[in-house]
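This briefing concerns ligand surroundings, charged side-chain pairs and backbone features. Please read it alongside the sequence and the model.

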Amino acid sequence: MQRCAITKCNDYTSESLYKAFNEIIRNTDFPDVHGKKVLIKPNILSDALPEKAITTDARAIEVLLHILNERGAIAIYIGDSPATQTGKLSLSLSSLDKAAEREKAIICDFRSDNRIHEIDGLRLPMASILDNVDIVISFAKFKTHQLMSATGAVKNMFGTIPGLNKSPLHFRYRTPESFASFLMKLFDECHVDYAFIDAVIGMEGPGPGNGDPRHVGLLMGSENAYALDKAEAVIMGYESVPLIKTAEKLRPGITESEYPLIKPEEVIIEDYARIGKGKKNTLRSIIGASIINVFHRHDYGRARPEFIADKCKACSRCVNICPAKALSIENGHVKFEKKKCIRCYCCHEVCPFDAIKVR
Ligand code: SF4
Ligand code: SF4
């Protein structure tokens, strides 16, 4: 059976990380990287300071790069394509550029180098580097996610679709379940060999872009990204999350795994600020959601985003990413056409000024 290793890692010092990575590698089926080209796909939702816990921490990535070099990888690439960046890929705030330089890794901007793949009948651009490496590692961040409840190693590969090309997919796959089934097909196409989650400092509350950092003190790794994501959801205190529920329904047994070190049930964080925490399904909300579903033929039983005028800087990031064309800027503020909104929360994800709330 496949294995999922969870180990304590209380801080981002090289010593703690090196020890934790090696413990994980010893206790799972980590690929032999000797003589191989390796791609690491971190979660760089936006280039942000490490203390915001938005990105996979550059210190953790640097130690992983060091280990891959020690083990004889002949070339290591790091890549992503944040939807919010329009110019050249910049990784200076996250310090990932310096980490890559020190360990001689090559940074790839997926937006400038991609090729078309066919997934679910769609022709989608995806990072070309996926076709040119021997080993792919997804390195996610332990974070909540407004639409999917949690974001992990499987969803992390959504970033292989460059920039704003991701946005229309939210319009096509409007429910968390349909989006999850698409993510599974995309994940298959990426041929991921191994996955890590940086859970030293996670994000709780309104993730993945505007939540609060939370010390979790763990590093996690597995050859089975679904098992890893399930472990993350359990530790956050969810009974289930849409990706895992959908994956277990479509591919029974997919999350089965042994836990040779810490078991997720042993480290559940009861007071983790989960998405939807504390909201109970009342008869009124269930009937309301059902009526809405009948009219819209998909699950709109979710809260609309709210735009906080005082905080808005009219930067247009939400306008550019909104797949439903529900947003525009008028007189220095966001104009929101509520009827068009499909509750994908892309706007909330990219707002750098915390001016969008989902309650
Ligand atoms: S307004 Fe926000 S939540 Fe609504 S469709 Fe646009 S991006 Fe999605
Ligand atoms: S709501 Fe946020 S993302 Fe949208 S224009 Fe205002 S500041 Fe920019």
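Of the 13 residues around ligand 2, the nearest are Cys312, Lys313, Cys315, Cys318 and Cys351; a residue counts as near a molecule or strand if one of its heavy atoms lies within 4 Å of it. The model is predicted, so that local features require pLDDT of at least 70 and side-chain atom pairs count only at pLDDT 80 or more, while totals for chains, interfaces and linings use all residues. Residues are numbered from 1 along each chain as its sequence is written, chains are lettered from A and ligands numbered from 1 in the order in which they are written, and side-chain values use heavy atoms, with hydrogens and water left out.

**Ligand surroundings**

- The shell around ligand 2 comprises 10 nonpolar, one polar and two charged residues; here Ala, Val, Leu, Ile, Met, Phe, Trp, Tyr, Cys and Pro count as nonpolar, Asp, Glu, Lys and Arg as charged, and the others, Gly among them, as polar.
- Around ligand 1 lie Pro305, Cys322, Pro323, Ala324, Leu327, Phe336, Cys341, Ile342, Arg343, Cys344, Tyr345 and Cys347.
- By class, the shell of ligand 1 contains 11 nonpolar residues, no polar residue and one charged residue.
- The second largest cavity holds ligand 1. A cavity is a set of points, on a 1 Å grid over the protein atoms alone, where a 1.4 Å probe fits but cannot get out, and a molecule sits in it if more than half of its atoms lie within 2 Å of its grid points.

**Salt bridges**

- There are 17 salt bridges in the structure, each being a side-chain nitrogen of Lys or Arg within 4 Å of a carboxyl oxygen of Asp or Glu.
- One of them pairs the side chains of Lys185 and Asp120, at 3.1 Å from N to O. This pair links distant parts of the chain, 65 residues apart: Lys185 belongs to helix 5 (residues 176-190), and Asp120 to the loop between strand 5 (114-119) and strand 6 (122-127). Helices (H or I, at least four residues) and strands (E, at least two) are DSSP runs, numbered from the N terminus.
- Lys185 is partly exposed, at 33% relative accessible area; partly exposed lies between buried (under 20%) and exposed (over 50%), with a 1.4 Å probe and protein chains only.
- Glu330 and Lys335 form a salt bridge whose closest N and O atoms are 3.7 Å apart. Glu330 is partly exposed at 41%, and Lys335 is partly exposed at 38%.
- In the salt bridge between Lys340 and Glu337, the closest N and O atoms are 3.5 Å apart. Lys340 is partly exposed at 38% relative accessibility, and Glu337 is partly exposed at 33%.
- Glu204, Arg214 and Asp271 are joined into one network by salt bridges that share partners.

**Backbone features**

- Most residues other than glycine have a negative phi, and most peptide bonds are trans.
- The peptide bond between Gly207 and Pro208 is cis, with omega of about 10°. Pro208 is located in the loop between strand 9 (194-204) and strand 10 (212-222).
- Asp120, although not a glycine, has a positive phi of about 55°. Asp120 is partly exposed, at 33% relative accessibility.
- His191 is not a glycine either, and has a positive phi of about 50°. His191 is placed in the loop between helix 5 and strand 9 and is exposed, with a relative accessible area of 58%.

Notes
On a 1 Å grid over the protein atoms alone, a cavity is a set of points where a 1.4 Å probe fits but cannot get out, and a pocket is an open set with protein on both sides within 12 Å along at least five of seven lines; lining residues have an atom within 4 Å of a point.
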